[in-house]
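Hello,

Here is the structure I said I would pass on. My notes on it follow below.

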Amino acid sequence: MIIAAATPRGESATAMEPRKRQTVVTPFPGTEAGGKAVLPPSARGFAARLIRWHQRHGRHDLPWQNTKDSYRVWLSEIMLQQTQVATVIPYYLRFLERFPRLADLAAAPVAEVMALWSGLGYYARARNLHACAQAVMNQHGGKFPRDPHVIAELPGIGRSTANSIATFCFGAQAPILDGNVKRVLCRAFGIEGFPASSAVDKRLWALAAQLMPQRQGAIYNQAQMDLGAMVCTRTRPRCEACPLHDICVARAGGRTAELPTPKPRREIPLRHANLLVLRDGARVLLETRPPSGIWGGLLSLPELPPGADAAAWAEQHFGCRVLAVSPAPTLVHGFSHFRLHIAPLLLRVRPLHSVMEPGRQWLDLAATAAAALPAPIRTILADVHRSGNKPLLSRKR
Ligand code: SF4
């Protein structure tokens, strides 16, 4: 399940600029019948430009650079999917401290991996990370395979990530196509259409393959990522500092705000969930979510079905006598394809027996900060913890 909020496309400053048409630059025309990209003349020297630019302006000192250790490179690649470098760095360092080798990660309980990942979002990545470490240990003798096609068969690794690992660690000359690279290619070659659609994706892969140089693949791939992250950013690209400035179709046509073509708009539905904060003194009742679906494998608060009476439900399903019920402040959390309106209910309870069903646990409120909890549940429990025994009237942010 993808749990991070959908990222709305902000209005780019470049959308306000008058359209400039000083240079005639031909858009990327498409692919030949066999799927081979037909390259415009502007593609000549594309890789060399990027490699030269990277030597002077690229990033060279990130914690996962200057190594060919496939474990470290793979870990960084997974964490960097949909996530900014600055956010990833502390997680990456914490993971390496706790799991210095792939074998350590494979041997750890998945709950511990989820707890360390907590807050980084897109939790399927953490489950796949653990599954992938175990697959490498069990199927490949503890060493990452070198062939990108074989790497791509491992859990949680797509074609671009596999090629990236093979390029950085094993000297392959394999193209990558992450979000940054797609943005650069769509703009530089004037490629229309939503990049994730299968036709455009196919076209971009064909182009990426043809642009791939015979040598220096690792530097070239890093240069593309860096250019997308540092210069050809989603909003406000710094075209004046770009090595593709004179060949870029989007810049020449004043279309940097239009390319890549945004995802076709659709209404994001709002769903509702009533969550129970069952509090017995300083501890609260938490449940482990099913392995797949929203917040899969994480701890969460029990859900109250629509229309059910909270006190009766708590007694019947959780074996608790309810002493008091009070509403807590609501919040809205954004997922990739819907928003969730969460209405927590605070119940002061006394457990009627000590036997717990599997997957449920009482956890001290003070310990919830370090538990594997989704961000909104962490927020609710932090409020409850802060409030002591007072009613929860407002949330301080
Ligand atoms: S010239 Fe501007 S839009 Fe074109 S690739 Fe460079 S930064 Fe991106």
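**Notes on the model**

Of the 397 residues of the protein chain, 36% count as buried; a residue is buried if 20 or more other C-beta atoms lie within 10 Å of its own, exposed if 12 or fewer, and partly exposed in between, with C-beta atoms placed from the backbone. This is a predicted model, in which local features need pLDDT of at least 70 and side-chain atom pairs count only at pLDDT 80 or more, while totals for chains, interfaces and linings use all residues. Residues are numbered from 1 along each chain as its sequence is written.

The protein chain has 14 helices and eight strands. Helices (H or I, at least four residues) and strands (E, at least two) are DSSP runs, numbered from the N terminus. Among contacts in the protein chain with a separation of 6 or more, 68% are between residues 24 or more positions apart; two residues are in contact if their C-beta atoms, placed from the backbone, lie within 7 Å.

**Strand pairing**

Strand S7 (residues 339-351) runs parallel to strand S1 (residues 270-280), and ten bridges join them. Two strands pair if DSSP finds at least two bridges between them. In this pair Ala273 stands opposite Ile342 of S7. Strand S5 (residues 320-327) is antiparallel to S7, with seven bridges, and Ala324 has Arg348 as its bridge partner in S7. Strand S6 (residues 331-334) is also antiparallel to S7, through four bridges; there Val332 is partnered by His341. The hairpin from S6 to S7 goes through four residues.

**Nonpolar cores**

A nonpolar core is a set of buried Ala, Val, Leu, Ile, Met, Phe, Trp, Tyr and Cys residues joined through C-beta atoms within 7 Å. The largest has 61 residues, and Ile165, Val277, Leu278 and Ala314 have the most contacts inside it. Helix H2 (residues 70-80) supplies the largest share of this core, seven residues. The core lies between domain 1 (13-252) and domain 2 (270-387), because both give residues to it; the domain bounds come from an automatic or database domain assignment. Another core, of 30 residues, lies apart from it and includes Phe189, Ile191, Ala250 and Ala252.

Leaving out residues up to four places away in sequence, Leu278 touches Val284, Leu285, Pro302, Ala314, Phe318, Cys320, Leu347 and Val349.

**Ligand shell**

There are 14 residues around the ligand, of which Cys232, Pro237, Cys239, Cys242 and Cys248 come nearest. A residue is near a molecule or strand if its C-beta atom, placed from the backbone, lies within 6 Å of it. Helix H9 (179-189) and helix H12 (249-252) are the elements that give two or more residues to this shell, and H9 gives the most, three residues.

**Loops and backbone**

A cis peptide bond, with omega about -5°, joins Leu259 and Pro260; Pro260 is in the loop between H12 and S1.

Two residues other than glycine have a positive phi: Gln216, near 60°, and Arg236, near 50°. Gln216 lies in the loop between helix H10 (198-211) and helix H11 (217-230), and is partly exposed because 17 other C-beta atoms lie within 10 Å. Arg236 is in the loop between H11 and H12, and counts as exposed because it has 12 C-beta neighbours inside 10 Å.

Regards
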